[in-house]
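I opened my notebook today to look around a protein model, one spot at a time. Here is what I looked up, in the order I went.

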Amino acid sequence: MRLILLLGLLLSAGCAPRGELAFVERAPGSVHEIFVATTRARIGQSAGFGTGRQLDLTYGRYAVAMPPSHVPGTVSWPDETPDPATDFVVTGATLTPDQHTFRADVAARLAALPPGQRNVVIFTHGYNATFAEGLYRFTQMTHDFETSGVPILYSWPSAASPRDYLYDRDSVLFARAGLETLIDLVAETQAERITLVAHSLGSQLLLETLRSRAIRTGGRLWDEVDGIALISPDIDVDVFLAQVAPIDDLPEPFVIFVSGRDRALRLSEWLSGGGTRLGQIDNLAALSALDVTVIDTSSAAAARGANHLTPVTSPWMISILRSLQENERFALDRPDLAAALPIRIVANGSAMGVLIAPPAALARR
């Protein structure tokens, strides 16, 4: 069974189109400016980045246009002849010469926003991702969730191949210092709030960065960081508990999206020699001492595919999660809101569990 799962994921990944940067001068759809910091090696003199590692961070800004026909949860990948009417495309890219200029550019964007909205969202992509895939996916998330503030992608050197999981695991360790430097730079601006979002193996990278920071500062993180979301985190549960142990107070909200139908995490569990992945946890007992919210998205999983990014690819799930948002925070403590949505809330110690499912499924649970 495990061999069949492995072969199925490798074959499906090999047949799927891969995201690449496609540049056009104009596009008819919505355009989002995404700031980028990356430890990927640059491809020649272009604005693209490959799979190689580079110790020093490179910074930039990309204007990504979404097609007018965009359907929530989807990314329409461009091919050799991109069509701005149907595909995600890049209408402009500027690489920043140094971190001081990058910080000044972020500060200028924040200053143009009204007080109360000067927020930054930093997204760390997952395993098996090209630079373009991380950029396009974060643009889709920013658009579909109507994220306010300044979006920043942290792109680490994934090999962008399902066969190179171990390379990506090593790249996570390689990229920790770069992510901490990025958060330091953003914290030096007038950002009122920094939200950290990570997917899959990017969650491992984020937690390793937070752990290192806490060890050096006696348990404290950045004061500006007050929200964390882990999407399908590819972290062993025991390792996660060790990573958060040095942190005095976890940022709130601290949201973990899980699914029992995540086939990619099943493969990761097998490759790692066993041990429950955090993104598959189905019992809050192990997390009962932590002030975290675990959101189960299993019921929104597709019949086929890896189901490794359900919270941001399922239109139904996007709609519900947007309903849960109030001032960009999860309002699960509002009984009136909870009663109006297809959710069930349970608790175990400090941990809160949220099951999202159709009403009929909730009645059976």
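**Before starting.** I reminded myself that this is a predicted model.

**Entry 1: helix α4.** I began with the helix at residues 165-174 and asked which of its residues are buried. I found Tyr165, Asp168, Ser171 and Val172. Next I checked what covers the buried residues of α4, and the cover includes β2 (49-65), α5 (176-187), α6 (201-217) and α8 (263-271).

**Entry 2: threonine 209.** I moved on to α6, the helix where threonine 209 is found. Is threonine 209 buried or exposed? Its relative accessible area is 1%, and buried means under 20%, so I noted threonine 209 as buried. I then followed its side chain, which reaches the backbone oxygen of leucine 205 at 2.8 Å. Leaving out residues up to four places away in sequence, I listed what threonine 209 touches: Arg176, Leu179 and Glu180.

**Entry 3: alanine 300.** I wanted a residue from a loop, and I picked alanine 300, between β9 (293-296) and α9 (310-313). I found that alanine 300 is buried too, with a relative accessible area of 15%. Which residues is alanine 300 in contact with, leaving aside neighbours within four places in sequence? I noted Thr310, Ser314, Trp316 and Met317. I also took a distance across the model: the C-alpha atoms of alanine 300 and leucine 57 are separated by 37 Å, and these residues are 243 residues apart along the chain.

**Entry 4: a hairpin.** I looked at strands β12 (residues 343-348) and β13 (residues 351-356), which run antiparallel and are joined by six bridges. I found asparagine 348 standing opposite alanine 351 in β13. The two strands form a hairpin with two residues between them. In that turn I noticed glycine 349, which has a positive phi of about 65 degrees.

**Entry 5: aromatic rings.** I wrote down first how to describe such a pair: by the distance of the centres and the angle of the planes. I counted nine aromatic pairs in the model. In one of them, the rings of phenylalanine 35 and phenylalanine 102 have centres 5.9 Å apart and planes at 75 degrees, so the pair is edge-to-face. This pair links distant parts of the chain, with phenylalanine 35 in strand β1 and phenylalanine 102 in helix α2, 67 residues apart. Both phenylalanine 35 and phenylalanine 102 are buried.

I then turned to phenylalanine 123 and phenylalanine 138, with ring centres 5.2 Å apart and planes at 25 degrees, so this pair is stacked. Phenylalanine 123 belongs to strand β4 and phenylalanine 138 to helix α3, 15 residues apart. I found phenylalanine 123 buried at 2% relative accessible area, and phenylalanine 138 buried at 3%.

**Entry 6: arginine 53.** My last stop was a charge over a ring. The charged end of arginine 53 sits over the ring of tyrosine 167, 4.1 Å from its centre. I noted that arginine 53 also sits over the ring of phenylalanine 174 with its charged end, 6.0 Å from the centre of that ring.

Definitions and conventions. Residues are numbered from 1 along each chain as its sequence is written. This is a predicted model: local features need pLDDT of at least 70, side-chain atom pairs count only at pLDDT 80 or more; totals for chains, interfaces and linings use all residues. Side-chain values use heavy atoms; hydrogens and water are left out. Buried means under 20% relative accessible area, exposed over 50%, partly exposed in between (1.4 Å probe, protein chains only). Helices (H or I, at least four residues) and strands (E, at least two) are DSSP runs, numbered from the N terminus. Contact means heavy atoms within 4.5 Å. A polar contact is a pair of N or O atoms within 3.5 Å; within protein, one must be able to donate a hydrogen and the other to accept it, and residues adjacent in sequence count only if both atoms are side-chain atoms. Two strands pair if DSSP finds at least two bridges between them. Rings of Phe, Tyr and Trp (its six-membered ring) pair if their centres lie within 6.5 Å; planes under 30 degrees apart count as stacked, over 60 as edge-to-face and the rest as tilted. A charge sits over a ring if NZ of Lys or CZ of Arg is within 6 Å of the ring centre and within 35 degrees of the ring normal.
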